[in-house]
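Colleague: I am new to this structure. Please take one part, the nonpolar core, and walk me through what surrounds it.

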Amino acid sequence: MRPRRGPSPASVASRFPAHRPWKTSMMDVLRPTLVRIGGRVYRKNLIHEQVQQQEEEEEDFYTGEGCEAVVLHTALLFLVGPSDCADEPCDAFVVEETEKGFQCRVEVPSPLYKYIIGKKGETKKRLETETRTSISIPKPGVEGEIVITGQQRGGVISARTRVDVLLDSFRKKQPFTHFLSFALNQPVIQERFLQFKEEVLEKCSQDHGVSSSLFQNPAKLHLTLGTLVLLNEQEIQRACELLQQCKEDFVDQITGGKPLTVEVAGVEYMNDDPAMMDVLYAKVHMKDGSDKLQAIADQLVERFVASGLMLREWDRVKLHATVMNTLFRKDPSGAEERSNTVTGKSSFKERESFNGRNVLKLFENFSFGEAQLDAVLLSQRYSSDASRYYGTAGQLALC
């Protein structure tokens, strides 16, 4: 049977059942939540919400043991901005007509299956009951497609839209797994960093909170461009392919096929009060004074955000190399790939800040040396390679 395109979520959302009135504030109406699905941005108008329990531990998500509260929404989704399919069927996803009705397939990383299943299968059952569909989910740990089938095309579309909203919500709560980086662990940089560490401890160790446990692992010094949640090999491959596409589209033009020579000099801090620091970082800039590094960083992040593989954290990338971080007190492996995570939860509820006033005063212009950047790396969190830098899942060579 020939495939048929499903209408936009907005055109079918009116069929979502609302079991009871739901009061919204004026701010909820004026500033609705935005949801990105399949490359499109929708605003989500909530009609009904119900709190139910969602398990967190993978080994328990079929039995319902060990759970956390989750809000499951029935929502209306409206496409944001101009669209050619405002009143016509939209190609947000494909609905196939079969001999028994209709079906829709959606690729979902296996770690997210549990959020569609729910405690003792309650979320899945509710979706199936309310949309009059059947939802087939692969076994835990087995990569594959979730298949939604039903006799009514509208029911299949309704179920698919709700699944997309759930997946979008829970993906944003996953801790990041990879990050785009430039390695700054060249021997000269490591040597100067160790000198910096020695001098700070010699001159500032009496200041509150300053200790050797704050310092980055010199082998893992790096620039972070952005973080990603890549939950299976297919998503990692997508990220690698996008890196190569970026190389062809704009990186080679910016670099001229040559490495970038940068200077790492001076220190700054992240928060407002230098007496209560959590992160101290070294500043990085192009030796020739150009904006090539900034341009590459900003355009890479723009592409990855547009692809849905990355969440936007700043309007432009802040080029910095972390040298001291209070997270290192409890996690000396250097796992702070970003100090202010957008995706996922912090590993530690409390951080003991340090007084960095003297560090700033004495080392404001400290030079960590020069480095040549020859590749953007897709680095894997909590990993190490032969050089003790992070393991690399892919890279974009600059030269």
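**The core and its surroundings**

The largest nonpolar core holds 60 residues, and those with the most contacts inside it are Leu184, Phe196, Leu280 and Leu293. A nonpolar core is a set of buried Ala, Val, Leu, Ile, Met, Phe, Trp, Tyr and Cys residues joined through side-chain atoms within 4.5 Å. Buried means under 20% relative accessible area, exposed over 50%, and partly exposed in between, with a 1.4 Å probe and protein chains only. Helix α7 gives this core its largest share, 9 residues. Apart from this core lies another, of 32 residues, among them Leu112, Ile117, Ile135 and Ala183.

This is a predicted model: local features need pLDDT of at least 70, side-chain atom pairs count only at pLDDT 80 or more, and totals for chains, interfaces and linings use all residues. Residues are numbered from 1 along each chain as its sequence is written, and side-chain values use heavy atoms, with hydrogens and water left out.

Start with Leu184. Setting aside residues up to four places away in sequence, Leu184 touches Ile189, Leu221, His222, Leu223, Val262, Val264, Val284, Ala321, Ala371 and Leu373. Contact means heavy atoms within 4.5 Å.

Next, His320. His320 sits in strand β13, residues 320-325. Helices (H or I, at least four residues) and strands (E, at least two) are DSSP runs, numbered from the N terminus. His320 is buried, with a relative accessible area of 14%. Beyond four places in sequence, His320 is in contact with His222, Leu223, Thr224, Met270, Tyr281 and Ala282. Ala282 is 38 residues from His320 in sequence, yet their C-alpha atoms are 5.7 Å apart.

Now back to α7. Helix α7 (residues 233-255) packs with helix α8 (residues 292-307) at an angle of about 145°, with axes 10 Å apart. Axes are lines fitted to C-alpha atoms, for helices over the stretch in contact, and angles run from 0 to 180 degrees between N-to-C directions. Residues of α7 in this contact include Leu242, Leu243, Phe250 and Ile254; those of α8 include Ala295, Ile296, Leu300 and Phe304. The contact divides into 11 nonpolar, 4 polar and 4 charged residues. Here Ala, Val, Leu, Ile, Met, Phe, Trp, Tyr, Cys and Pro count as nonpolar, Asp, Glu, Lys and Arg as charged, and the others, Gly among them, as polar.

Last, the whole chain. The chain has 9 helices and 16 strands. Of its 399 residues, 49% count as buried. Among contacts with a separation of 6 or more, 77% join residues 24 or more positions apart.
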